[in-house]
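Hi,

Here is the structure I promised to pass on. Have a look at it first, and then read my notes below.

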Amino acid sequence: MKNEIKKKYNIYNAIKKIIKTNTTPFWIYEEKSILKQIHKLKDFDIIRFAQKSCSNINILKIMKKKKLKIDAVSSGEIERAIIAGFTPKNDEIVFTSDIFDKESLLKIKNLNITVNIGSIDMIKQLGKVSPGHKIWLRINPKFGDGHNKKTNTGGENSKHGIWKISDALLKIKKYNLNLSGFHVHIGSGVNFKNLKKVCRYIEKNIIKLNKKIDIISSGGGIPIPYKKNEKEIDIKKYTQCWKKTKKKIEQKLNKKILLETEPGRFIIAKSGFLVSEVRAIKKTSKYKFVLINSGFNDLIRPVMYGSYHKISVIKKKNKRKNFKKNEKVVISGPLCESGDTFTVGKNGNIKSRSLPKLHIGDYLIFHDVGAYGSSMSSNYNSKPLISEFLLTKKNKIKQIRKKQNIKELINLEIKKTSNKKI
């Protein structure tokens with residue numbers, strides 16, 4: 001309990017300092033939280049960070065220092081990983097996708113980056129330009145799970161992964177590719193029962209195939225608690241499940257293999273906070289709306305998934321009496337969309353939240369937004385991307401992304417090169 005209080009004290013003090021010299025909204029991450037989550041996964045042979053969850057280069061540098069590897073899902077993510085210090089050697093970067101665009105295929109060939117293949121067509125396309133290329137197979141295990149149907153990446157309704165392994169193996173042989181590993185990822189925010197089911201699926205199928213691979217990847221999807229009544233996953237129990245699977249496969253193949261985990265949310269979600277300011281308050285016959293200067297252009301998870309994020313308050317006038325009275329309010333953003341609301345249920349319907357009585361100029365802090373927060377931001381309504389800060393393990397505040405300005409956006413459209421005739 002003392003550690004939790006100290007953590008809040010540190011992050012709230014950092015937020016207050018940033019507010020004094022910077023405009024809201026902004027993101028802030030806590031490095032100690034990231035390091036704590038990484039440590040929980042220490043029993044895996046390899047921890048591969050799912051970069052799509054949070055792609056800031058300065059965050060990637062923390063992963064590099066802790067000897068994590070990187071999962072990239074686009075040419076741009078490969079570029080970010082390289083700038084952060086990762087190299088294609090020793091599978092420090094693995095490219096995971098269900099398609100190749102032309103730019104990604106060329107980069108992968110030239111840099112010799114291992115590919116985690118999700119479709120038969122990828123096998124053909126890679127084999128034609130880079131025979132002997134090292135690959136993994138991402139398998140669709142015929143079932144999936146996730147905190148929302150949109151984050152379920154397995155089963156017949158999912159576009160992800162290889163459905164018929166036998167067809168993929170025939171094409172791999174035809175195009176002379178080097179199969180090194182198998183990967184299964186069934187969704188984001190998966191319950192323990194289905195995570196365990198993945199272990200059994202991998203064990204059964206790899207033993208059946210009897211292929212001399214070097215690695216198995218358990219994928220990601222490890223959940224975190226967003227609400228008070230949600231429990232932390234038993235990470236030791238989860239790890240032991242996979243270690244048993246690894247041992248059985250090693251015995252069958254008569255060789256050592258590496259066991260990898262590929263989390264994004266589990267590592268980064270708890271570390272992130274979004275800070276916004278109350279700019280208007282209005283009532284209808286049913287609801288009291290508190291309008292802030294962040295919208296789903298910054299944090300899209302509530303609108304997209306009906307996601308819950310804890311909200312805490314920093315009062316403009318920090319007096320204890322201001323926190324005595326709570327009231328039910330709906331927190332909404334500035335965008336020209338009725339759906340631009342943060343307090344919603346799983347079905348997306350408006351849901352009031354009990355918060356201290358709010359006034360113009362008070363600040364709201366959204367918790368657990370490190371994963372799929374900033375990385376899913378957009379420029380909708382011509383809103384520039386906002387600043388990002390890091391509270392380092394030494395409790396120093398470091399700006400890790402400056403606020404975008406509108407001129408940078410407009411210049412993409414008015415430079416002479418954009419009017420070039422085709």
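**Helix α7 and the rest**

In helix α7 (residues 165–174), the buried residues are Ile 165, Ala 168, Leu 169 and Ile 172. Buried here means under 20% relative accessible area, exposed means over 50%, and partly exposed is in between (1.4 Å probe, protein chains only). Look down the axis of α7 and those buried residues fall within an arc of 100 degrees, so they line one face of the helix. That arc is taken from the directions from the helix axis to the C-beta atoms. On the face turned away from the buried side, α7 carries the exposed residues Leu 170 and Lys 174. After α7 comes Asn 176, with a positive phi near 55 degrees.

Before you go further: this is a predicted model, where local features need pLDDT of at least 70 and side-chain atom pairs count only at pLDDT 80 or more, while totals for chains, interfaces and linings use all residues. Residues are numbered from 1 along each chain as its sequence is written, and side-chain values use heavy atoms, with hydrogens and water left out.

How confident is the predictor? pLDDT is its confidence in each residue, from 0 to 100. The protein averages 88, and 87% of the residues score at least 70. Over residues 142–146, though, pLDDT stays under 50.

Now the overall picture. The protein has 12 helices and 17 strands; these are DSSP runs, numbered from the N terminus (helices are H or I, at least four residues; strands are E, at least two). Of its 422 residues, 54% are buried. Take the contacts (heavy atoms within 4.5 Å) between residues at least 6 apart in sequence: 70% of them join residues at least 24 apart.

Next, the aromatic rings. The whole structure holds 6 aromatic pairs. Rings of Phe, Tyr and Trp (its six-membered ring) pair if their centres lie within 6.5 Å; planes under 30 degrees apart count as stacked, over 60 as edge-to-face and the rest as tilted. One of the pairs is Tyr 287 with Phe 289, edge-to-face at 6.0 Å centre to centre and 70 degrees between the planes. Another is Phe 342 with Phe 366: the centres are 4.8 Å apart and the planes at 45 degrees, so this pair is tilted. The pair links distant parts of the chain, 24 residues apart, with Phe 342 in the loop between β13 (326–332) and β14 (353–356) and Phe 366 in strand β15 (residues 363–367). Phe 342 is buried at 3% relative accessible area, and Phe 366 is buried too, at 1%.

Cheers

Key
pLDDT is the predictor's confidence in each residue, from 0 to 100.
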